[in-house]
Amino acid sequence: MLWYKSWLETRWRFLIGLALLIVSATGTVLVYPRVAGILAAPPKVDVSGEIGRRVMEAIELSRDYRGYVWSQWFRQNMPQMWVLFAVLIGTGGLLSQGSGGGALFTLSLPITRQRLLAIRAATGLAELVVMAFVPSLFVTMFSPAIGQSYSLGDALVHSACLFIAGTTFFSLAFLLSTVFADIWRPALLACLVAAALAVTAEVVREFWRFSVFRVMTAEIYFRDGRLPWLGLLASAALSTAMLYAAARNISRQDF
Amino acid sequence: MLFRPNSSSGVPIYLQLMEQVKHGIETGALRPGEQLPGIRPLAEELVINPNTVAKAYRELEHEGVIELRHGAGAFVAGNAGAKKVSEKFRAGQAIVAAAVERLRARGVTDEEIRRLFEAELAGLARAPKSGGHSA
Amino acid sequence: MGATVRDAPVIEAVDLRKSYEGVEAVRGLNLEVPAGSIFGFLGRNGAGKTTTIKVLLGMARPTGGGVRVFGLPADSPEASVDIRRRTGFVSEDKDLYDYMDVGEMIRLTASFYPRWRADLAQRYLRAFELPPDRKVKALSRGMRTKLALLLALCRGAELLILDEPTSGLDPAVTEEVLQALVTHVASEAMTVFFSSHQIAEVDQIADRIAIIDRGRTIVSGALDDLRENFRRVQLVFDGAAPEVEFSAPGVVRVRRNGRVLSVLSNAGAERVIEKGRAFGAVSVDVVPVTLKEIFLETVAAED
C-alpha cells in the first residue's frame, strides 16, 4: 500500500499538471488557424543576435503545421510546463516528512529505505510518463478539428524523447530532496538550474548543441528523422546516477 | 481487591497487594477455599503490571496464605493457612496495640508513632544513647 | 503472563554513543531489557531517550558502542528490517499520515505484518471509539495516540517501543492507554519498552526501570529492588553537621542543613548509619524513598 500512499502524496500535482498540459495542447492546436492567418503577412522582426534568429526561425517554421506543432508545442510550451511539474513531483520524500509528516512511522515499518525510495521514484516517473504522452496525443486527436493532421508516430517519438531526457530534472529534484529537509529549496534550486540551462541554450548557440533541451525537443528527429541516441543515453545515465546518489544519501541519513 | 495500590508511595506494589489479601482474609472478605481473581483480570482491573500480581501471588503462596492450583487459579489456603494468618494477625495486633498505648502514655503523638514504626521497618538503628539495636 | 522462556535480553545496549553534528546526545549508555518485562525509561527532556529509541529502530546509526535487539545488531540495515518486523512503535509525536483516514492507516499497516491481528484491531477500534473514515488530521490528540497504539499493538509484535506514550493526554485517556497496555501484555507474551517523564505511570506499570541523564544510565534495575534499596537517612548532630566528605558505599547525595545531614543511599541504610554514628550523630531517622525522589535526586546529583 505504499504505492497508494505515494499516489496520495503526489496526486494533486499530477492531476493539475496533466490538466494544464491537456488544455495547453488543445489550445495550441485550436489557435493555429489564427496564427496561420497572422503569418500570411510576415512581420519584420528587428531583434538581432541569437534570439532574433530564433524568433525568425519560429515564424518560418510555423508556416507549415508540422513545424508549428514542433516549434510551439514540443519546443516551447510542452517542455517548459512539463519540466516544472517534473521538479514538483520529484520534490518530497522522507526527509521533508521529518516530524509530523509520517517519516518516523514509515521508518518503523519493516521495509528498507531503498525500497521506499524506489517506490517513490517509480510513482513519480509513472506519473511523468502519462504527463509526457497523453497531452501530445491530444494534439493528434484534435488536429482534424482544424483541418490538419499530426502524425501519431511523431507525437510518440517526441513524447518519448521529452520524457527520457526530462527525467534528469525529476532526478535532480529527487536528489536535492535527500539533501535539504524542506520542500522549497529542492524545488527552487532545480527550477533555477532548469531555467539557467534553458536560457543559456537559447542565447548561446554553442550551448544549444549540447543542451538537454535539444534532446528533449528531439530537434534532430524533427529536422532529419534521426533519433538523438547519444543524448538520450547520456540523459538516462545522468538520471540514474542522480537517483543512485539519492539512495546513498537516504541510507546514510539519521532521522 | 477493591482498591488500587498506591503506586507513588515508597512501598512496593506487590507488598501492598499481599497486605490487601491478608487483610481480606482477616476481615472475612476472603474465606478459606475461596478463589482469588486471576492474574490477568486483576492486572487489568487495577491497571498494574501482571508480573507484579504474579509476584504477589507467589509470595503469598510461599507464606502459605494462598494455594496456586495449576490450571485452576489462586485460592485462599484451606483452614490451616488462613487460620495461621489470622492468628498471626491477631497476635500482632495485640502487640502493636500495647506498644501504641505505652507510647501515647509517654506523650508521643500519633504522627511520631507512625514514623517510629516506619523507621524501624526500613532498617535503622536507634541513637547510641538509647542502646544500640540492629536492623 | 508476560515472562517468556528466553534468557537473552530483548534489548541490549553496551556503551552506546551517538553524536549529532558535534553534540553528544548519548555518551556510553548501557541498557538491558529482559524479555517479558515492562521497562520504563526515565529521563529529563534532552537526556537522550528519543535518540536511544531511534537507534534501536535503525532510524539513526550509533557513532560508537553496540546495540542488539532480539540478539540482532540494530545498526545493520538488513537486520533492522527483521527487528522492525517484530516490533511495534509509537513515536513521541504519534507520527501518522495526516492525509489518510483511520481505516486506510489500518489497512496500510496490516499489509506489512503477516501476523496482523484483525480481531484485536476490531476490538480496539470499538473500545477506543475510533471512526474508520475520519481523516487522521481531524483526530484529537487522544484519539491519535489511541490509533497509533492500535497500529502498534495489532502487529503481532514481540516488542513494543513507546516514546512518551501518554504525553499531553488527559487523565482519563492516560488510564485507557495504560490499561490497554497492561491488558495486552497480560494476554500476549511481549516486552514493553517505554520512555517517559511521568513518574506516576512508570511507578504504576513498570517492573524494571532505567534512569538516563546526559546520555548515560545512572540508575537501573527492578523497580521493587530499587524501592527496597533506596533509603533516605537523616542524621542529626549536636552541633553543626560535619563539613567532611561523607562517603560510604551507596551514597548518592548528601545535603547539609544546619545540624542535619540528609543522606540518600542506594544500598540500604546500615553503612550510612555506621558512618553517621562514627561522626557523632545523636539521632537517626530512616525513611523509604519514592521513585520520584530517586529520580530527582540521582539526576540532580549529576548536575
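## Packing and contacts in a predicted model

Me: What is the handedness of the crossing of helix 3 of chain A and helix 7 of chain A?
Reply: Helices are DSSP runs of H or I with at least four residues and strands are E runs of at least two, both numbered from the N terminus. A crossing is left-handed if the near helix is turned anticlockwise from the far one by less than a right angle, and right-handed if clockwise. The crossing of helix 3 of chain A and helix 7 of chain A is right-handed.

Me: Which pLDDT do local features need in this model?
Reply: Residues are numbered from 1 along each chain as its sequence is written, while chains are lettered from A and ligands numbered from 1 in the order in which they are written. This is a predicted model, in which totals for chains, interfaces and linings use all residues, side-chain atom pairs count only at pLDDT 80 or more, and local features need a pLDDT of at least 70.

Me: What is the relative direction of helix 3 of chain A and helix 7 of chain A?
Reply: Axes are lines fitted to C-alpha atoms, for helices over the stretch in contact, and angles run from 0 to 180 degrees between N-to-C directions; those under 35 degrees count as roughly parallel, over 145 as roughly antiparallel, 65 to 115 as roughly perpendicular and the rest as oblique. Helix 3 (residues 65-90) and helix 7 (residues 184-203) of chain A have axes 9 Å apart and pack at an angle of about 150 degrees. The two helices of chain A are therefore roughly antiparallel.

Me: How do the residues of the contact of helix 5 of chain A with helix 6 of chain A divide by class?
Reply: The axes of helix 5 (residues 113-142) and helix 6 (residues 152-176) of chain A come within 9 Å and cross at roughly 150 degrees, so the helices are roughly antiparallel, and their crossing is right-handed. Residues in this contact include Gly124(A), Phe133(A) and Ser136(A) of helix 5 of chain A and His158(A), Phe163(A) and Phe170(A) of helix 6 of chain A. Ala, Val, Leu, Ile, Met, Phe, Trp, Tyr, Cys and Pro count as nonpolar, Asp, Glu, Lys and Arg as charged, and the others, Gly among them, as polar. On that basis the contact divides into 14 nonpolar, 6 polar and no charged residues.

Me: Which pair of chains shares the most contacts?
Reply: Chain A and chain B do not touch, their nearest C-alpha atoms being 26 Å apart. Between chains C and A, 22 residues of chain C are in contact with 17 residues of chain A. The contact of chains B and C takes 27 residues from chain B and 37 residues from chain C. Of the 2 pairs of chains in contact, the one that shares the most contacts is chains B and C.

Me: What is the bridge partner of Val69(C) in strand 5 of chain C?
Reply: Strand 4 (residues 64-69) and strand 5 of chain C run antiparallel and are joined by 2 bridges. In strand 5 of chain C, the partner of Val69(C) is Leu72(C).

Me: How far apart are the centres of domain 1 of chain C and domain 2 of chain C?
Reply: Domain bounds come from an automatic or database domain assignment, which divides chain C into domain 1 (11-225) and domain 2 (230-302). Taken over C-alpha atoms, the centres of these domains of chain C are separated by 37 Å.

Me: How far apart do the C-alpha centres of domain 1 of chain B and domain 2 of chain B lie?
Reply: For chain B the domain assignment gives domain 1 (13-82) and domain 2 (87-126). The distance between their C-alpha centres is 27 Å.

Terms used. Contact = placed C-beta atoms within 7 Å. Pairing = 2+ DSSP bridges.
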